[in-house]
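Subject: Handing over a structure

Hi,

Here is the structure I promised to pass on to you. Have a look at it first, and then read my notes below.

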Amino acid sequence: MKQTVWNKFAEVFGDTEGAKVYFAPGRVNMIGEHTDYNGGHVFPSALTIGTYGVARKREDRKLRFYSMNFEQLGVIESSIDGLKPEKEADWTNYPKGVMWAFGERGFEIPCGMDLLLNGNIPNGSGLSSSASVEVLTGFILRDMFGFDVTNQDLALIGQFSENKFNGVNCGIMDQFAIAMGKKDHAIFLDTADLSYEYAPIVLEDAKIVIACSNKKRGLGDSKYNERRSECETALAELQKVVDIKSLGELTEEEFESYKGAIADPIREKRAKHAVYENQRTIKAVKALKDNDIKLFGELMNASHVSLRDDYEVTGIELDTLVENSWKQEGVIGSRMTGAGFGGCTVSIVKTDCVDAFIKNVGEAYLAKIGYAADFYVVDIGDGPSVL
Ligand code: GLA
């Protein structure tokens, strides 16, 4: 891949003088969904698939972008001055947003640059291709201009750019998982204070299998913002009867005793998911530490049910994948991962059952949905790097 992007950079931008090659991963969340903007816990891992980038400084103020994933768009040009989101700018709004966010933080970018990207994360799959581009851009800017920021700052800057420049009110999970990724580990992150711990994912005789529904997300972003504001309203109602800063502070029992304060049954279901999912995540990490992979899998399954019935972010495609996965031999756990409304599922499958799993779930999905799902057996990798 390094050679491929390097050669393409030479072809698109004339030569490779002064250029460097970089990589940032995608991420998969094992459990803890829609908890990161509710002050709860998440448990994601960085993947070995991600976004490759070749970048170099320019002498002028121009920005020139090229993506091998959107070759039909050709070179998209812009300027480092007056950065603002524009519909025609398409995917370049992600790197531009990060450049803008550095400026907002007082890090002035002194010149323009040429940037070529090539990602091997399926687009719109829920494996965080956009957060991968954001963290990659921040990592490149730090390397190029020597900005004094940590990897955790890169995550926060990426999230800030997504919230304020690209208008998606996402939490911190994706950018954090990518910027702080560690090979063969998941990150147990408390989003209330960003304290975290790495937990080894040792699956001796099992694999992590991702199934991509290939459903285009469409309205996903606005639905995402809607869920977020439902939780905020439910929190405000609960705060009238209990002194909490976030839903993540409540145990299941506390939620059950205070839930009467939430005036609307839909909002009650949303808040219930946030509270129970957070507690499930804490239990799941404990199960992993106790080497109880069976319980970990059961908690993954329960997470899906809650996302389906209470949070209502799954849909027929993800439900078809997961419900068929549960029926297969050798499946330890299976659930949707990421924002939902399309995207991917994550399953832990015994190694010698993986082929049959892919065949059977793939056939059932095609028969019911009418188009195919894609399957990936993935590995957990490190955060961003210079290649
Ligand atoms: C998206 C967001 C994350 C998180 C997940 C749901 O991936 O970017 O911040 O909220 O959805 O868990």
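Let me begin with Arg 228, which is part of helix α6, residues 220-238 (helices, H or I with at least four residues, and strands, E with at least two, are DSSP runs numbered from the N terminus). Before going on, a word on the source: this is a predicted model, in which local features need pLDDT of at least 70 and side-chain atom pairs count only at pLDDT 80 or more, while totals for chains, interfaces and linings use all residues. Residues are numbered from 1 along each chain as its sequence is written, and side-chain values use heavy atoms, with hydrogens and water left out.

Arg 228 counts as buried, at 17% relative accessibility (buried means under 20% relative accessible area, exposed over 50%, partly exposed in between, with a 1.4 Å probe and protein chains only). Apart from neighbours within four places in sequence, Arg 228 is in contact with Tyr 37, Asn 169, Cys 170 and Gly 171; contact means heavy atoms within 4.5 Å. The side chain of Arg 228 also reaches the backbone oxygen of Cys 170 at 3.4 Å. Asn 38 is 190 residues away from Arg 228 in sequence, yet their C-alpha atoms are 8.3 Å apart.

Lys 8 is another buried residue, with a relative accessible area of 15%. You will find Lys 8 in helix α1, residues 2-13. Its contacts, leaving aside neighbours within four places in sequence, are Tyr 66, Met 68, Glu 71 and Leu 116.

Next, the sheet. Six strands form an open sheet with mixed pairing, in the order β5-β4-β6-β3-β1-β13. β5 (76-79) and β13 (385-386) are the edge strands with a single partner each, so one side of each has no neighbour in the sheet. β4 (residues 62-67) pairs with β5 in the antiparallel sense over 4 bridges (two strands pair if DSSP finds at least two bridges between them). Within that pairing, Leu 63 has Ser 78 of β5 as its bridge partner. Helix α2 packs on the sheet, touching β4, β5 and β6 (113-119), and its direction makes about 145 degrees with that of β4. Helix α3 lies across β1 (20-29), β3 (44-57), β6 and β13, running at about 45 degrees to β3. Axes here are lines fitted to C-alpha atoms, for helices over the stretch in contact, and angles run from 0 to 180 degrees between N-to-C directions.

Finally, the buried residues of α4 pack against α2 (93-104), α3 (129-145) and α5 (173-179); among them are Leu 154, Ala 155 and Ile 157.

Best wishes

Key: Polar contact = N/O pair within 3.5 Å; in protein donor to acceptor, adjacent residues only side chain to side chain.
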